Amino acid sequence: MLGAVNPPVFENSLFTFDTAGELAEAVKDEDERYVYWRGTNPTVDLVQRKLAALERAERAKCFGSGMGAISATISSLVSAGDHVLVLGAVYGPTTQFLRYLEKYGVTHTHVSSLADLDSAIRSTTRALYFESPSYMRYEIFDIAAVSAWARAHGLISVMDNTWSTPLYQKPLTLGVDLVVHSLSKYIGGHSDLVGGVVAGATELIRPLALTEYQLYGAAMSPHDAAKVIKGLRTLSVRMAAHQERGLAVARFLAGHPRVRAVNHPGLPGHPGHEQALRQMSGFSSLFSLELDTDSRAEVAAFVDGLRHFRVAVSWGGFESLAVAPAVGAQEERESVRATMGIPVGLVRLSVGLEPADTLIADLGVALEGGRPLA
Ligand SMILES: Cc1ncc(COP(=O)(O)O)c(C=O)c1O
């Protein structure tokens, strides 16, 4: 519009009509027509179209957070008495949400490999949920095989693709039915927004856009949508830099005597590396290391010894972050960690855009016992 290089931010909570009949018509189609911000908004719509194009989806729906997208998506697929299969480690609050659904009579089963799915499926199973690479452990699943298995058993497959971004992996092209993302990570990229999206076929997206999106109310704001558009513009250059720095840091850690394992699918020694190369076109910079200890105090000392890596939740921004899931976790998080098989000595790193040698030096010092605060 007007040759503007940035799209306008439509700060409209509502849109007006000339007649009662026009409004009534628009309300029937609130995912397509602009009526009220909690339904959709032109700036949010623009992001939805961009994300749908990137994921090769017919349609995408943006939410006020990744969990907003995940909880609405799962809710749209199940009714009381239904069952969900979960493959591999998935984001902790996703598991917490599935546990929460038990009070509505929806159950779930976690399995750790494709081979275990056959014995875990029930007549009431409706959906299969997974991440690849998986949460905290970064295991790789054969996405085409998992989605083919789900389809053969009449299940809707849902995959969280936040780790790779749609630049490096397009699960819908491998047969997955619905892809979810937290936009708060690499896609936003500047740690200044929280958002989510679900993408897939119109016949799956439209019902949830008209029901769960409207009723749960996790609407995306046009201001956050504008930030997502800015993030998308630099996504490819940021991801290339994240990939390079992440791999450099991972290689350093893999050669360190205090490190038992480095879970980065871009390393040739990773058990899923070959499969990753077949289904991904790049690697992000979120991975974990396992210290050669099962002592929470030693893990905390390592993390506390870091200076450039700040200690925080979330990931995917310009800043490098570290988090140790087993240190000080409250009861439910601790039980989720144990269910996912995340070892006590595991530390997750989100490698930002600082020079790799600065980050490597920081990790080297922390591994040697850290240093006092300057
Ligand atoms: C893999 C993954 N999926 C989903 C989410 C949830 O996203 P949000 O924090 O935007 O609700 C997160 C957040 O950390 C995540 O790590």
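Predicted model: local features only at pLDDT ≥ 70, side-chain atom pairs only at ≥ 80, totals over all residues.

Visitor: What makes the radius of gyration of the chain agree with that of a compact globule?

Guide: For 374 residues, a compact globule would have a radius near 21 Å; the chain has 21 Å, and therefore the two agree. Along its principal axes, the C-alpha trace spans about 70 × 55 × 40 Å.

Visitor: What share of the residues in the chain is called buried?

Guide: A residue is called buried when its relative accessible area is under 20%. Of the 374 residues, 55% are buried. The chain exposes about 15500 Å², and carbon and sulfur atoms supply 55% of that area.

Visitor: Which share of the contacts in the chain between residues at least 6 apart in sequence joins residues at least 24 apart?

Guide: That share is 72%.

Visitor: Why is helix 4 described as largely enclosed by the rest of the structure?

Guide: Seven of its nine residues fall under the limit for burial, so helix 4 is largely enclosed. The seven are Gly 92, Pro 93, Thr 94, Thr 95, Gln 96, Phe 97 and Leu 98. Their cover includes helix 3, strand 2, strand 3, strand 4 and helix 13.

Visitor: Which residues of helix 8 are buried?

Guide: In helix 8, which runs over residues 202-210, they are Leu 204, Ile 205, Leu 208 and Ala 209. These residues cover an arc of only 120° around the axis, and so they lie on the same side of helix 8. An α-helix has 3.6 residues a turn, so residues three or four places apart point the same way. The buried residues of helix 8 pack against several elements, including strand 1, helix 3 and helix 9.

Visitor: What are the buried residues of helix 13, and what covers them?

Guide: Helix 13, residues 331-340, has Val 336, Arg 337 and Met 340 as its buried residues. Their arc around the axis is only 105°, which means that they share the same side of helix 13. What covers them includes helix 4, strand 3 and helix 12.

How values were computed: Residues numbered from 1 in each chain as written. Heavy atoms only, no water. Rg over C-alpha atoms; globule rule 2.2 N^0.38 Å. Buried < 20%, exposed > 50% of the residue type's maximum accessible area, 1.4 Å probe, protein only. Contact = heavy atoms within 4.5 Å. Areas by Shrake-Rupley, 256 points an atom, 1.4 Å probe, with all protein chains shown as cover. Helix = DSSP H or I, 4+ residues; strand = E, 2+ residues; numbered from the N terminus. Arc of directions from axis to C-beta.
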